[in-house]
Amino acid sequence: CFHTSPELLARRRNDEPFGLKTPKKEKFVKKENRSQPPVEAPYVPPKPKRTAKSVPDRTIDIFEGMTIVELAKRTGESISSLQDILVNVGEKIGSEFDPVSIDIAELVAMEVGVNVRRLHSNDGGELQPRPPVVTVMGHVDHGKTSLLDALRQTSVAAKEAGGITQHVGAFVVGMASGASITFLDTPGHAAFSAMRARGAAITDIVVLVVAADDGVMPQTLEAISHSKAANVPIVVAINKCDKPAADPERVRIQLGSEGLPLEEMGGDVQVVEVSALSKSGLDKLEEALLLQAELMDLKARVDGPAQAYVVEARLDRGRGPLATAIVRAGTLICGQHVVVGAEWGRIRAIKDMAGRVTEMAGPAMPVEIEGLRGLPMAGDDITVVDSEERARMLSAGRKRKLEKDRLKKIVEGRIETPDASEEVPVRVEMPVVIKADVQGTVQAVTDALKSLNSPQVFVNIVHVGVGPISQSDVDLAQACGACIVGFNVRNPPSSIGQAANQANLKIIVHRVIYHLLEDVGNLIVEKAPGTFETQVAGEAQVLNIFELKGRSKSKGEDVKIAGCRVLDGRVTKSSILRLLRSGEVIFEGSCMSLKREKQDVETVGKGNECGLVINDYDDFQIGDIIQCLEQVNRKPKFVSSESGAVRIEC
């Protein structure tokens, strides 16, 4: 020890001693009794790998018989996670290379959180020629419905409210040559843009109706853009050629300048001059449509499950939800289970457009189906499924997806709260309950009213529905102080009218879109708080200056009075006065005294003389101009253009 270094001694002290190690005394812990049953803990679902924000809103293509491996590649999920979803759905799985049905593939994709587009194959099915689907489009009041009336020998235009079309109509017209064509009639008013877009999406040919005396108008250009977006050929029908002011050549030049390749200019767009009133040129239009259809070689699969598209949907009092649809391929049979958008049902009856009951509907045939559990949206696809269980499952999955998307939009649409330092304009909320006769017009009225939003008034659509105005609508409107808007529905019964009057609710019911938008626009203008602006109410010129001296202490100090003549407008005692000298503002202040012929007055009009005193100012000079300022509340204006487009100008 004496010969060791200090470092070694320090290391020896830290080392543990040799020999047996005695265990350290620790606190005794009683072991759990294993005979007790385990505690049932609540199931905690695994956390999602990605947040909702990180998943992009994308769409994948699915088809019948695709494998789980293919689905995993397209969704970007692992095979094991998709297999877990399949087990939850109740589908038996053997291998990841087993094919799954298109309905199951859609359910899995919706659970993952991606949108799907169904791809249908015609392999193995017999393709047969089908009649063309022709959509008639054009500006409002250019004679679209009248032209169709001339083709089908009826008079629909005379029955329509206000003489304008406000719905999508579908019907089959038998031509003189024996061929049949399915026609879709679309509204021309600016508010029905979504209806026209749906018409262009399902059609084979677009007939663009242009009035020879009116020329190319805003909705004509919109119809051209819808047709180009859907990649659909156009046939131009220049209507009203029998009018004295008709100028078809001007219409041709206008269409050519808008980039439409007409046949006369070396293009492929046929132009036909017609008159719906005198029924001239209809045979040429028929010939042009059949020629265009022959060039397109339209064929469709007849056998197998149907693929159809909802053109319009409405609620009937006795028959329930009804959907007007056009069959694209396959055959729609009465008694089949279908899923239409997020709704499902079993087809109870199929009726053609003449109201005759039929057992089945083939390609390009417009029909009305009943038996759905709920009202679908116009533009939804009709999918035929094997069983009621599958229909329920698919419908529930789609409803969940729609609700998730709706909540996501609400979260994204929240406006960040502005800083307290920033001046925020006052914005009044106007809640609205919308009821209309069919699903398409509900959407059109909703879009039109949303376009009336302004910096001063926010139109909040609280509830939309199809059918007449009911007591529940009045209760809902009363709860949130809303205005009830009814379009193309019957007037509410007196009991509902009285309930609305007692609750001080406004009910606006119209059958023509122009009048509806005008009434709602005027209501918005009434509700708007307006903006306060300073306006010159009158001007006076200083002609002389009078001085009151030697006043007692009780009356105050000496006062200078400006003797003026009012040159324009009026001078009011309660207003702010502005003093101008050589065009420059010298002083602004309130009026302390205004007299005319030794009498105190409130107002002095144009051409009269008066004496006035301004608070805290007495340095008047002869020739000064005194302006009388007043605050004016300027309300916004409701503006309606010739095309029918409406807006609120603040």
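**Entry: salt bridges**

I started with the count: the structure holds 28 salt bridges. The model is a predicted one. I kept in mind that side chains of opposite charge can pair when their charged atoms come close.

I looked up Glu106 and Arg118. Their side chains meet in a salt bridge, at 2.8 Å from N to O. Glu106 sits in helix α4 (residues 102–112) and Arg118 in strand β4 (residues 115–119), so the bridge ties together parts 12 residues apart in sequence. I then checked accessibility. Glu106 has 4% relative accessibility and counts as buried, because the cut-off for buried is under 20%. Arg118, at 17%, counts as buried too.

**Entry: around Glu370**

Which side chain meets Glu370 in a salt bridge at 2.9 Å? I found Arg319 there, with the distance taken N to O. This pair links distant parts of the chain, 51 residues apart. Arg319 is in the loop between β13 (307–316) and β14 (320–329), while Glu370 is in strand β20 (residues 366–372).

Is Glu370 buried or exposed? I noted a relative accessible area of 11%, so Glu370 is buried. Arg319 has 23% relative accessibility and counts as partly exposed.

I checked Arg348 next. The side chain of Arg348 also meets that of Glu370 in a salt bridge, at 3.3 Å, N to O.

Which residues do the shared partners join? I wrote down one network of salt bridges: Arg314, Asp316, Arg319, Arg348, Glu368 and Glu370.

**Entry: aromatic pairs**

I moved on to the rings. The structure holds 2 aromatic pairs. I took Phe587 and Tyr617 to begin with: their ring centres are 4.9 Å apart and their planes are at 15°, so the pair is stacked. The partners come from distant parts of the chain, 30 residues apart. Phe587 is in strand β29 (residues 584–596). Tyr617 is in the loop between β32 (609–614) and β33 (625–634).

I looked up how accessible these two residues are. Phe587, at 22% relative accessibility, counts as partly exposed. Tyr617, at 13%, counts as buried.

How is the pair of Tyr617 and Phe620 arranged? I recorded it as edge-to-face, with 5.7 Å centre to centre and 85° between the planes. Phe620 has a relative accessible area of 5% and is buried. I noted that Phe587, Tyr617 and Phe620 form one aromatic cluster.

**Entry: Ser180**

I ended on a single residue. Where is Ser180 found? I located Ser180 in strand β8, which spans residues 180–185. Ser180 has 31% relative accessibility and counts as partly exposed.

I then listed the contacts of Ser180, leaving out residues up to four places away in sequence. Ser180 touches Pro131, Pro132, Val172, Val173 and Gly174. I also took the C-alpha distance from Ser180 to Arg130. The two are 9.2 Å apart in space and 50 residues apart in sequence.

Key. Residues are numbered from 1 along each chain as its sequence is written. This is a predicted model: local features need pLDDT of at least 70, side-chain atom pairs count only at pLDDT 80 or more; totals for chains, interfaces and linings use all residues. Side-chain values use heavy atoms; hydrogens and water are left out. Helices (H or I, at least four residues) and strands (E, at least two) are DSSP runs, numbered from the N terminus. Buried means under 20% relative accessible area, exposed over 50%, partly exposed in between (1.4 Å probe, protein chains only). Contact means heavy atoms within 4.5 Å. A salt bridge is a side-chain nitrogen of Lys or Arg within 4 Å of a carboxyl oxygen of Asp or Glu. Rings of Phe, Tyr and Trp (its six-membered ring) pair if their centres lie within 6.5 Å; planes under 30 degrees apart count as stacked, over 60 as edge-to-face and the rest as tilted.
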